[in-house]
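Thanks for passing this one along. Here are a few notes to read with the model open beside you.

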Amino acid sequence: MDKRVAIVDAVQTRHGDALGENIQEIMFGVVKELLDRVGIEKSEIGTMISSSSDYWQGISCSNSYYYDAAGANLKSGSKAADDSALGFHYGVMRVLSGQYKTALVVSVTKCSESPSVHTLTHMSADPFFQRPVGLNETVVAGLQAREYMNRYGLKEEELARVVMKNLGNARKNYHAHRKGELSLEDVLSSPMMVDPLREIDIPATSDGACAVLLAAGEIAGDLTKNPVFVEGLGWNVNHSFVGDQDLLNGALPKAAEMAYRMAGVKDPAKEIDVIEVCDTTSFNEILFTEQLGFCPPGKGRNILNDGTTSMGGAIPVNPSGGLFGANPYVARGLIRISEAALQIKGEAGEHQVRDVKRALAHSVHGLGGQLHSVVILGN
């Protein structure tokens, strides 16, 4: 008996600034498309895991009012709040338990109906010491970037190259709603947001959703010709109080180590073909590729500058455009997993990378990267 878990298929919306549909309609559409692609009925879904956020949807029990739309009525279901990559982990574990042969993992965020990311992440800061000084996700990223620049000599022009690369990649991604061919001058003329990060260095939020169908290895081949197997999972958390964090050595290295150990990966730079990372800012893509083990600390700029992380490079990072292409805040982790799976299937469309056999998807949540998760997928 094959005790592995596989991704059967994955579907996402065409993301936008303000989708005209309500959340139930968005969820119904993405789940229906997924089930139609696979050729099964909702009655064949064993369990459903949803990821949404009371903050980001402005309602308590934020998953409860789209259960029917996701085909989960009267089914065993649960919720992984705020980071949809954790919903994926939860779904994998439910299938591994042997209680379910299939699991549907869904996530939706309609950022157009929520306050800004700066406001909402400010609310997650400590109310006595950190909110009064204005900390939020972007401010802490600025602190990280400035410390990194002071330590390793990173230049603003190198941050700009991340923006140019990812928005350029997004031009070939049907689902992305932000894309463009920018010059260095275009990026460097953007207003300063949080020194040293400019407004364009920080991906704006989006409306969007994603749905992924998981199956036990023993039946995955009956549902798709190209199952994508979950080879490794890893996650780790850091201090919630930003002052207790090492801003340049957080939770990600241990999360990556956990996933690599499970997948049997010894040298990620040689064994992984493509990476989808949650590039919460241009700087964070550089930091996270280092912390994932693709180069030593301080050398992320090198693999950016020499083209290693470009579409035609040895280790393409964010061929989809990453969060610069689309950033539905809670759904973005599951979207990274979806993009990685479609690369292995050879179904990523115009942004397909050649000969992908193993892919890495990463997600992050919280100020300074309080929570990181890593998923290794293979064929």
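1. Leaving aside residues up to four places away in sequence, which residues does Thr138 touch? Bear in mind that this is a predicted model. Thr138 touches His118, Met193, Val194, Leu197 and Ile202.

2. As for where to look, Thr138 sits in helix 5, which covers residues 137-152. Its relative accessible area is 5%, so Thr138 counts as buried, the cut-off being under 20%.

3. Next, have a look at helix 14, residues 332-345, where you'll find Gln343. Gln343 is buried too, with a relative accessible area of 1%. If you skip the neighbours within four places in sequence, Gln343 is in contact with Val274, Pro319, Ala348, His351, Gln352, Val353 and Val356.

4. Now the largest pocket, which has a volume of about 230 Å³. It is lined by 16 residues, and the closest to its centre are Arg37, His175, Leu342, Glu347 and Ala348. Ala348 also turned up above, as one of the contacts of Gln343.

5. Which elements give two or more residues to that lining? They are strand 1 (5-12), helix 1 (23-38) and helix 14. Strand 1 gives the most, with 3 residues.

6. Finally, the make-up of the lining of the largest pocket: by class, there are 6 charged residues, 5 polar and 5 nonpolar. Arg37 and Glu347, both among the residues closest to the centre, fall in the charged class.

Key. Residues are numbered from 1 along each chain as its sequence is written. This is a predicted model: local features need pLDDT of at least 70, side-chain atom pairs count only at pLDDT 80 or more; totals for chains, interfaces and linings use all residues. Side-chain values use heavy atoms; hydrogens and water are left out. Helices (H or I, at least four residues) and strands (E, at least two) are DSSP runs, numbered from the N terminus. Buried means under 20% relative accessible area, exposed over 50%, partly exposed in between (1.4 Å probe, protein chains only). Contact means heavy atoms within 4.5 Å. On a 1 Å grid over the protein atoms alone, a cavity is a set of points where a 1.4 Å probe fits but cannot get out, and a pocket is an open set with protein on both sides within 12 Å along at least five of seven lines; lining residues have an atom within 4 Å of a point. Grid points are joined across faces, edges and corners, and a volume is the space filled by probe spheres set on the points.
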